[in-house]
Amino acid sequence: TRIDKSGYKHFMAKEIAEQPAVLADALNRYVDQDSISGPIADLDFTDTTGITLVACGTAFYACLTAKYWLEKLARIPVEVDIASEFRYREPPIAKGTTAIFVSQSGETADTLAALRYCAGKADRILSVVNVAESSIARESDVALPIHAGVEVGVASTKAFTCQLNVLLLLAIKAATDKGELDQGSRAKLLETMRALPGIFNVALDRDSVIETASAQIAEARDVLFLGRGLMYPLALEGALKLKEISYIHAEAYASGELKHGPIALIDKSVPVIVFAPRDSLFDKTVSNMQEVMARGGKVVLVTDAAGAQQAGSDTWKTIILPEVDEVVAPLLYALPAQLIAYHAAVAKGTDVDQPRNLAKSVTVE
Ligand code: G6P
């Protein structure tokens with residue numbers, strides 16, 4: 001099949017806009033009413049005592065997010081690693097470990113080598129892939145397709161949210177097997193996930209606010225991203241996206257690390273993008289934000305209506321998203337992370353779909 005831009009200026013824009021549809025499709029394949037069906041339903045986590053997640057790039061940030069989910073919902077200890085580090089460190093793999101490899105292409109050399117290292121050591125090798133007939137899928141005991149469809153833009157977008165989608169379903173299954181999630185709570189969580197594509201569409205409609213803010217962010221030389229808890233991996237992903245396609249230097253920190261270094265960089269030329277839905281950690285993040293503003297930093301707060309109200313009007317810009325349950329917030333907050341990078345890159349006139357020096361699939365070391 002021929003893939004075209006269907007009227008969008010870039011594949012990246014098209015792939016961002018496709019997210020509600022592909023997420024809904026993937027959920028239909030993995031969820032049946034109140035329970036998980038398909039290949040995830042066949043996995044049993046009862047005897048799993050540890051999970052190791054390994055990937056590169058954007059997929060690694062999906063793994064970091066999954067660590068929060070798996071530990072919080074299923075109470076299983078999780079290790080997360082970058083494939084190029086994991087493969088040469090040759091870590092001990094304890095009995096009872098399930099190893100999970102996440103890769104859009106399924107061909108990333110380091111991730112594949114990490115998988116091969118785990119063969120025969122881990123109890124079970126799972127992969128979360130977009131390309132179902134890839135090397136990583138073939139060499140796993142079970143390959144879970146994310147059903148994002150072909151992704152052309154070098155900067156990963158819909159593959160990231162579809163990876164998160166499958167990883168959250170895995171966490172829900174693991175939590176169920178471990179007796180940590182009763183039927184009612186599971187039904188509620190799955191319902192929340194099913195509502196997400198609709199909410200995503202509402203958020204997509206607010207694109208023009210993000211576009212305006214991004215045009216100004218594009219004038220900065222350096223940008224900081226902050227987030228706490230589930231928003232920390234999101235901050236890392238936001239900084240990666242911005243670097244990849246707009247070539248603006250960006251860094252991400254866990255909000256609580258602000259005073260351990262990055263605060264020294266803050267002045268009125270540095271936009272600080274803060275991902276903070278009004279969740280259980282919101283107050284902590286607001287106080288970090290105030291530290292930034294007290295030093296003249298320009299805060300771009302990405303939050304919901306309740307968060308915007310509580311934060312007050314001293315921010316440089318506020319991007320308001322619909323309110324969602326905090327467990328699924330990473331999927332929704334991926335959208336502004338992607339759109340900020342996209343619009344900043346368009347404002348700078350870079351080659352959005354084919355950024356310099358980068359490859360879609362890194363099959364050599
Ligand atoms: C490259 C791509 C990234 C991707 C990473 C991992 O760097 O440009 O978008 O996140 O590889 O790729 P994978 O196919 O393993 O997810």
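**Reading a ligand shell and its helices**

Tutor: Helix 4, residues 57-74, gives the most to the shell around the ligand, with three residues. Please keep in mind that this is a predicted model.

Student: How many residues surround the ligand, and which are the closest?

Tutor: The ligand is surrounded by 16 residues, and the closest are G57, T58, S103, S105 and T108.

Student: How do the residues of that shell divide by class?

Tutor: Nine are polar, six are nonpolar and one is charged.

Student: How does one describe two helices that pack together?

Tutor: Two packed helices are described by the angle between their axes and by the distance between those axes. In this model, helix 4 packs with helix 8 (residues 158-177) at an angle of about 20°, and their axes are 9 Å apart. Angles under 35 degrees count as roughly parallel, so helix 4 is roughly parallel to helix 8. The crossing of helix 4 past helix 8 is right-handed.

Student: Which residues of helix 4 and helix 8 meet?

Tutor: From helix 4 come T58, A59, A62, T65, A66, W69, L70, L73 and A74; they meet F160, Q163, L164, L167, L168, A171, I172, A174 and A175 of helix 8. By class, this contact of helix 4 with helix 8 has 15 nonpolar residues, three polar and no charged. Note that T58, listed among the closest residues to the ligand, also belongs to the contact with helix 8.

Student: At what angle do helix 2 and helix 8 pack, and how far apart are their axes?

Tutor: Helix 2 (residues 19-30) and helix 8 pack at about 25°, with their axes 10 Å apart. By the angle, helix 2 is therefore roughly parallel to helix 8. Helix 2 also passes helix 8 in a right-handed crossing.

Student: Which residues form the contact of helix 2 with helix 8?

Tutor: Q19, V22, L23, A26, L27 and Y30 of helix 2 meet K158, T161, C162, N165 and L169 of helix 8. Seven residues of this contact are nonpolar, three are polar and one is charged.

Student: Turning to the whole protein chain, how many helices and strands does it have?

Tutor: The protein chain has 14 helices and 12 strands. Its radius of gyration is 20 Å, close to the 21 Å that the globule rule gives for 365 residues, so the chain is as compact as a globular protein of that length. Along the principal axes, the C-alpha atoms of the protein chain fill a box of roughly 55 × 45 × 40 Å.

Note on methods
Residues are numbered from 1 along each chain as its sequence is written. This is a predicted model: local features need pLDDT of at least 70, side-chain atom pairs count only at pLDDT 80 or more; totals for chains, interfaces and linings use all residues. A residue is near a molecule or strand if its C-beta atom, placed from the backbone, lies within 6 Å of it. Helices (H or I, at least four residues) and strands (E, at least two) are DSSP runs, numbered from the N terminus. Ala, Val, Leu, Ile, Met, Phe, Trp, Tyr, Cys and Pro count as nonpolar, Asp, Glu, Lys and Arg as charged, and the others, Gly among them, as polar. Axes are lines fitted to C-alpha atoms, for helices over the stretch in contact, and angles run from 0 to 180 degrees between N-to-C directions. Angles under 35 degrees count as roughly parallel, over 145 as roughly antiparallel, 65 to 115 as roughly perpendicular and the rest as oblique. A crossing is left-handed if the near helix is turned anticlockwise from the far one by less than a right angle, and right-handed if clockwise. Two residues are in contact if their C-beta atoms, placed from the backbone, lie within 7 Å. The radius of gyration is taken over C-alpha atoms; the globule rule is 2.2 Å times the number of residues to the power 0.38.
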